[in-house]
Amino acid sequence: MDIESIIKYKLPSVQSDVRLKAQKVIDKLPPNQFSEKANNELKATKSLKEKDVVYLKADKSNNVVVLNKCDYENRVRALINECKYKEIKKSPLKTMIREANSLRQKIKTVFSERTSRSLIVSNPTLSKLYALPKTHKPGNKMRPIVSNINAPTYKIAKWLVKELKEVPNIKSMSVKNSFEFVDKIKDLRIESDETLVSFDVCSLFPSIPVEKAINVLERHLQKEVGGEKSAIYIEAAKLCMKQNYFQFREKVYKVEFGTNMGNPLSPLIAETFMADFEMRLKEEGLLPRFWVRYVDDVCAVVKKDDVQKVLDVLNNRENSINFTFELENDKKLPFLDLMLRRVENYIEVSIYHKPTSTMRTITNDSHSPIQHKVAAYHSMVHRLCRMPLSVASFKEEYEYIKSTAAINGKIL
């Protein structure tokens, strides 16, 4: 795998030569060098599969959660009841395929036949629901994820997201990453009667009023794109959101409100709604003087006596949207992957790792390309060098990266 990843940009003749040389080396290896290890791994895998349990990745961490199958199913069914998903007696798959094909014909007329053909999903199926345990929160909460891969409109949704990236963004107060956030706060000064507050939207995707979000998107596209392209984009968005069905244990359900994690279009729809939500509040003068959002997390500077007032304004604007908040504690507030600390009247940042962090990456003995093994470290080192950290914070994060590397096989 390492060899293939290294030679993939070489000329075909060079690739063939390298493969032949590698094959000669592999052929000279003792025949049983890997067989015993492979057999042991196969036996272990088979033994794990025979157990009446499920193995899940925890939500927002690298922890592995082991649950009895009956416990997992009970939690998912409780989640389905809580979210009020509607059970459908007859499979809607044929209708979904017909609607997707009809839209592709319109895309062919406005764009091209090649584009239309690229949106064909071979052997389309209904989306599948699975859930991840929220180990970072108390209780037995689960995060529902609907895998849209191979759904009739999956490729249409992916195509639409790609197309809309070329359109100017809707005006908002959001940032794309923590680097952009740091640029926003570098000149921020906080008065003695103010406090740092983190606002968070509870279950953003299931709470989005999709029809309102699409109306906002339609007005934006009519202004920025117009014509037949704009009409096709909106029709595609409506269809991708309308086909909100999923399957769990042979039963079919329909999501009647909001959207799901797993739909490629969901982040764009959520961002569209939140951008309009906050800009309308800003125009009415109802937002704090400093307000920066990343998806559903907001960092704000609010007068100490006005925190509850701001929360009430946010929660009374849209019935389905509910905000919670966290105040700074001991002049510290975690936000994104940063720890914000008030020093006099300005903010100092350091790298923040959640308590659920396991320091696990792809281990050094994994049969993965070397690029994949070191990718996490490239990201951590890049962040270390880009962030305006104090000397103490820099050394602390540097030691954290070294410790992480040691735990995973001394990759560095």
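Is E235 buried, partly exposed or exposed? E235 counts as partly exposed, with a relative accessibility of 30%; buried means under 20% relative accessible area, exposed over 50%, and partly exposed in between, with a 1.4 Å probe and protein chains only. The points below set this residue beside other features of the model.

1. Basis of the note. The structure is a predicted model, in which local features need pLDDT of at least 70, side-chain atom pairs count only at pLDDT 80 or more, and totals for chains, interfaces and linings use all residues. Residues are numbered from 1 along each chain as its sequence is written, and side-chain values use heavy atoms, with hydrogens and water left out.

2. Salt bridge of E235. A search of the whole structure finds 20 salt bridges, a salt bridge being a side-chain nitrogen of Lys or Arg within 4 Å of a carboxyl oxygen of Asp or Glu. In one of them E235 is joined to K106, with 2.7 Å between the closest N and O atoms. The pair links distant parts of the chain, since E235 belongs to helix α11 (residues 227-242) and K106 to helix α5 (residues 93-110), 129 residues apart. Helices (H or I, at least four residues) and strands (E, at least two) are DSSP runs, numbered from the N terminus. K106 is partly exposed, at a relative accessible area of 36%.

3. Salt bridge of K212. The side chains of K212 and E318 meet in a salt bridge of 2.8 Å, N to O. K212 lies in helix α10 (residues 210-224) and E318 in the loop between α13 (307-317) and β11 (323-327), so the pair ties together parts that are 106 residues apart in sequence. K212 is partly exposed at 43% relative accessibility, whereas E318 is buried at 9%.

4. Salt bridge of E73. E73 and R249 form a salt bridge, their closest N and O atoms being 2.8 Å apart. This pair also links distant parts of the chain: E73 is in helix α4 (residues 69-82) and R249 in the loop between β7 (245-248) and β8 (251-254), 176 residues apart. E73 is partly exposed at 23% relative accessibility, and R249 is partly exposed with a relative accessible area of 42%.

5. A buried lysine. K254 is found in strand β8. K254 is buried yet has no salt bridge, and the nearest side chain of opposite charge, E256, is 6.7 Å away; Lys and Arg count as positive and Asp and Glu as negative, while His and the chain ends are not counted. Residues touched by K254, not counting those up to four places away in sequence, are Y85, K86, I88, K242, N244 and Y245, where contact means heavy atoms within 4.5 Å.

6. An open sheet. Three strands form an open sheet in the order β12-β13-β14, with antiparallel pairing; two strands pair if DSSP finds at least two bridges between them. β12 (332-335) and β14 (346-351) stand at the edges with a single partner strand each, so one side of each is left without a neighbour in the sheet. Strand β13 (residues 338-343) pairs with β14 over 6 bridges, and V343 stands opposite Y346 in β14.

7. Helix α12. This helix (residues 266-283) has 18 residues, of which 13 are buried. Just after α12, G285 takes a positive phi of about 70°.

Methods. Expected span 1.5 Å × (residues − 1).
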